[in-house]
Protein chains: 2
Amino acid sequence: MATHETPVLFMDRSRIRENYLELKKALPPFRIAYAIKSNSHPEIIEILKKEGSHFETASVAEIEKLLALGVKAEEIVLSNPVKAPQAIRRALEHGVTIQSFDSVEELEKFKEFSAPIGAEEGGLFAEKKDGLPYIRPQLRIVVPNEGSMWPLSGKFGADEELWPAIFQYMKDNNMRLDGITFHPGSQCETIAGWDSALYLTWRCIEIAREYGLNPTTINIGGGLPVNLGRKIPTAAQVGKVVIRHLKEWEKKGFKPSNLIVEPGRFISGSAGYLVSRVVGVARREKTWAFLDCGVFTGMMETIDGITYPMLFTGTGEKETAMLCGPSCDSVDKMYEAQISKPKPGDGILFLSAGAYTSVYASEFNGFLGPKMVFLDQIADARELFNLVT
Amino acid sequence: MATHETPVLFMDRSRIRENYLELKKALPPFRIAYAIKSNSHPEIIEILKKEGSHFETASVAEIEKLLALGVKAEEIVLSNPVKAPQAIRRALEHGVTIQSFDSVEELEKFKEFSAPIGAEEGGLFAEKKDGLPYIRPQLRIVVPNEGSMWPLSGKFGADEELWPAIFQYMKDNNMRLDGITFHPGSQCETIAGWDSALYLTWRCIEIAREYGLNPTTINIGGGLPVNLGRKIPTAAQVGKVVIRHLKEWEKKGFKPSNLIVEPGRFISGSAGYLVSRVVGVARREKTWAFLDCGVFTGMMETIDGITYPMLFTGTGEKETAMLCGPSCDSVDKMYEAQISKPKPGDGILFLSAGAYTSVYASEFNGFLGPKMVFLDQIADARELFNLVT
């Protein structure tokens, strides 16, 4: 069997598929739009495309990457709430109409591409304005992010106080509001994240209606967590809460025609196994274990506090070691962990490492990010140690 | 004149040369080994090579990049104190003999390549061991890093308590100690950093001698600062302190045959001007200015607290804005600054941005790092706004 030089990020094709199907089962009426920022490897995109997945992007480059892989424009959403004016236009030229905003400033950029209030959903796709399809603006609202490891609010999202000014602007300029969207924050580890977000969404719909706006799309963003060694809600549990809200809304006469969920980490995270090696050890005040992967070669999220479940080739006595990367940079430190007493050559495998790792890698100091290797199925993670040199 | 799409990192060729010559003047007896990790663009390497510069590396990939550009092996030092065993060997195969260490664990890897204690400097280069040149081990010691924005100690360096065990190991194994090295920390803004480091270096030399070891190389690392808007010592001021110590050592009968300094930021930092654009603004509880460059497109050091001097195309009233990057990532936030009231399309120019920017860039979220453009001389930074679209 072929062996690979560490660091290697092994990806489990079956697991990617299973994660997709698990979410589909939990949220049957939803379009799943995979957040390619979490891991944009073409093979993941191909696998998901075959299952019928749609895709979430933040930039024109991401859109063009998907189009080049045969994804259709109507299967792509652009959920970055702040974009360069030329990016908005370019996306529309490609046919990507679902675009987020969270400020009047961004709405000003949308104005020239906007459909009038009351335009019918069906007609929206048929009609064009100056040769471009109408934009379908999605208001990104702020929701509590307490359950998340990476709270997003602050940088993105309009809170309740800003909604009246936004809706007034849309009313004054006869701009159709297509949808409401939120993000509970990446790796959201509590159901309450979705529950409170959906109550807020309903509040937002009510206020929008007061301005004569009738959103028909609801996009619940991403945030579905992976196993990092703590108790987390399952997709089924998240789905139950979401579906409960949808039913309540239906009783009140609101049935969105378009439902979107944007998982990233949930799809690619648990499918990835990062295998690295100890290159050196220094036992000083604390023990430092230097690995061939580090902050700049994929483990960027560690500086924000993520710790991965791990497996080791070493056995026997454990030792507390500060894991750090191979570069000469002081920032290139990961976290302290109890690991088998490290020595050069030992293997360390990080679980749930398929998302937000390889995509952050630079070539700093001449150390490259992990090579990605796709396997049909990874039944026993431990066996991956046999596939590396 | 050709215009470039933002973000662009303009590099001033003359300034690179001038920075090199300024340091050469401040530290005449020193070999200057440019730390290519700060900015490894081939054009910088070519400019410095012509001036007679040597180079500092951390990895085999960096060494091979330099060799491919025609740099000679004896002009390269490998100052990463922790390396994979195969990296040590590979570097020696290439002829790179000056290699750092800071632990007994790393010395164990050096053992097979080591010259005997007492081997003459001249003979060292002539002789070979199993077809490989002898390694020239440099002990990296811990020095105070208080004046530095990025303290390095902890991850690297042996403190005084560890020296006896290290020297005993070298004595027991008849391993020649070639030199002592330290690093005052990147962007060291106080002369005291070098002063205290050199007292410690002398202490280390004395203790080494007690074990029969006679280091002949002194490598004072990098750390020379650039203008980030605060008072900083000049190269001449740093040089004065260093030369004073060398003279004191000479009086005590110690004259190193090999002196090395490893500037990175000092050479490339002030020569770089990063021009970016505001892509969007959101006025909420605070004002957020979204730029086309951010943490993942070069401004990585901002998450560790760096703030750059800036110029703006906007004029008039100022506003406090949180500068952030174009990606959908919550980590992609830089810092709060007083800037001309931002609107989409405004230009923002970051000064002293030639080092530790482009080298950290990934392609996260489809946003690329700054394009690098070399100009012969940048007399007025403001004119760079005319060179971008």
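A residue counts as buried if 20 or more other C-beta atoms lie within 10 Å of its own, as exposed if 12 or fewer do, and as partly exposed in between, with C-beta atoms placed from the backbone. This is a predicted model, in which local features need pLDDT of at least 70 and side-chain atom pairs count only at pLDDT 80 or more, while totals for chains, interfaces and linings use all residues. Residues are numbered from 1 along each chain as its sequence is written, and chains are lettered from A and ligands numbered from 1 in the order in which they are written.

**Stop one: chain B**

Select residues 347–350 of chain B, which form strand β19; strands (E, at least two residues) and helices (H or I, at least four) are DSSP runs numbered from the N terminus. In a regular strand, side chains alternate between the two faces of the sheet. Here B:Gly347 and B:Leu349 are buried on one side, and B:Ile348 and B:Phe350 are buried on the other.

B:Ser276 has B:Ile348 as its bridge partner. Now show β16(B), residues 310–312, an antiparallel partner of β19(B) over three bridges. Its B:Met310 stands opposite B:Phe350.

**Stop two: chain A**

Move to β3(A), residues 54–57, where A:His54 and A:Glu56 are buried on one side and A:Phe55 and A:Thr57 on the other. Which residue of β3(A) is the bridge partner of A:Tyr34? Select A:Phe55 to see that partner.

Note on methods:
Pairing = 2+ DSSP bridges.
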